[in-house]
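I opened a new notebook page to record what I looked up in this structure, going from single contacts to the whole chain. My notes follow in the order in which I took them.

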Amino acid sequence: MLFKTNTELMTQARDGGYAIGAFNTNNLEITKAIFTAAKQEESPIILAISPSAAKYAGMENLVAMARVAAEETGVPVSVHLDHGTEWEHLVHAIQAGFSSIMYDGSKHPYEENVRLTAEAVKLGHAAGISVEGELGRLVGTEDQISVSEREASMTDPDQAMDFIERTGIDALAVSIGNAHGWYKGKPQLDFKRLGAIQKKVGDKVLLVLHGASGIPDEDIRTAASFGITKINIDTETRDAFKRGVAQFIQENPDVIDPRKILKPAIEEMVKIVDGKIKLFGSAGKAAGHIAELAGRAV
Ligand SMILES: [Zn+2]
């Protein structure tokens, strides 16, 4: 298979003491930026595609671009469904050739989340790909919630153990104060809780941090030291895209060539992805995966 599964990439990362960036794409320019940075840093990456990205660009289009980029660059990559919430998202992703899926049942009551995630795992494993689940609810940065509500939305280590045993997931997205979108003020991550989760289930499941855009570098390093091996970045890439386009148009109001308008956006995004790859420690780690691949083929 051209694409690696998340389990393959993340297991090597856990053994090697680094984390892998999962970068969301919506179009050709973002995909190009992610692969350009991965190639120049010789890093494995996870290309994350959400159902809404698939709705915008077409799931098959996004996978086809990933396939071409993977062949051209030789970068070890997993193509991953981000936040699949409906059964049809999972089936469509598998049919399109994804190597990993996330089923996000976190909006459901616990027992329902267990039941639906276990079904998703059966589906994914039958297709030979890895499955990520989510326990605890990731609150949006816009949500007005009290401290006790915040606590209640976080992943409970004991419940995580039960969830993993009953669903058979390969990877678990944790909720420890992380959120999607920009943070208001400094993010307050509960590392004590993450430490407890790692101690309880760190040898049974791979750990994932969503909403990592805007989390300070030192907190990212701390999260990785507690066994986080997949770190999701979307908001910072979007911001770089917008910055590149906005600046170019401001300086060149008469240019109408989309290629000229979008090139600076790609360059801004490459800088962001490249910086994250260095921060996560996955730079230079592609070689191991390629050697392993070559060894297998012989
Ligand atoms: Zn997420």
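I began with a term: a polar contact is a pair of N or O atoms within 3.5 Å, where within protein one must be able to donate a hydrogen and the other to accept it, and where residues adjacent in sequence count only if both atoms are side-chain atoms. I noted that this is a predicted model, in which local features need pLDDT of at least 70 and side-chain atom pairs count only at pLDDT 80 or more, while totals for chains, interfaces and linings use all residues. Residues are numbered from 1 along each chain as its sequence is written, and side-chain values use heavy atoms, with hydrogens and water left out.

**Entry: Glu132**

Which side chain is joined to that of Glu132 by a polar contact of 2.8 Å? I found that it is the side chain of His210. I placed Glu132 in strand β5, residues 130–134; helices (H or I, at least four residues) and strands (E, at least two) are DSSP runs, numbered from the N terminus. Glu132 counts as buried because its relative accessibility is 1%, and for this term I noted that buried means under 20% relative accessible area, exposed over 50% and partly exposed in between, with a 1.4 Å probe and protein chains only. Leaving aside residues up to four places away in sequence, I listed what Glu132 touches, including Asn6, His80, Tyr103, His210 and Lys230, where contact means heavy atoms within 4.5 Å.

I then turned to β1, residues 20–24, where five of the five residues are buried.

Two strands pair if DSSP finds at least two bridges between them. β1 runs parallel to β8, residues 228–233, with four bridges joining them, and Ile20 stands opposite Lys230 there. Three bridges join β1 to β2, residues 45–49, again in parallel; here Ala22 stands opposite Ile46 and Asn24 opposite Ala48. I also saw that β1, helix α2 (residues 28–41) and β2 make a right-handed β-α-β unit, meaning that, with the strands pointing away from the viewer, the path from the first strand over the helix to the second runs clockwise.

Why is β2 largely enclosed by the rest of the structure? I noted that five of its five residues are buried. On its other flank I followed five bridges to β3, residues 77–84, which runs parallel to β2, and the bridge partner of Leu47 in β3 is Val79.

**Entry: nonpolar cores**

A nonpolar core is a set of buried Ala, Val, Leu, Ile, Met, Phe, Trp, Tyr and Cys residues joined through side-chain atoms within 4.5 Å. In the largest one, of 73 residues, I found that Ile45, Phe98 and Leu172 touch the most other members. Helix α12, residues 258–280, gives this core its largest share, eight residues. Another core, of twelve residues, lies apart from it and has Ile20, Ala171, Ala173 and Val208 among its members.

**Entry: the whole protein**

Last, I counted 13 helices and eight strands in the protein, and 55% of its 298 residues are buried.
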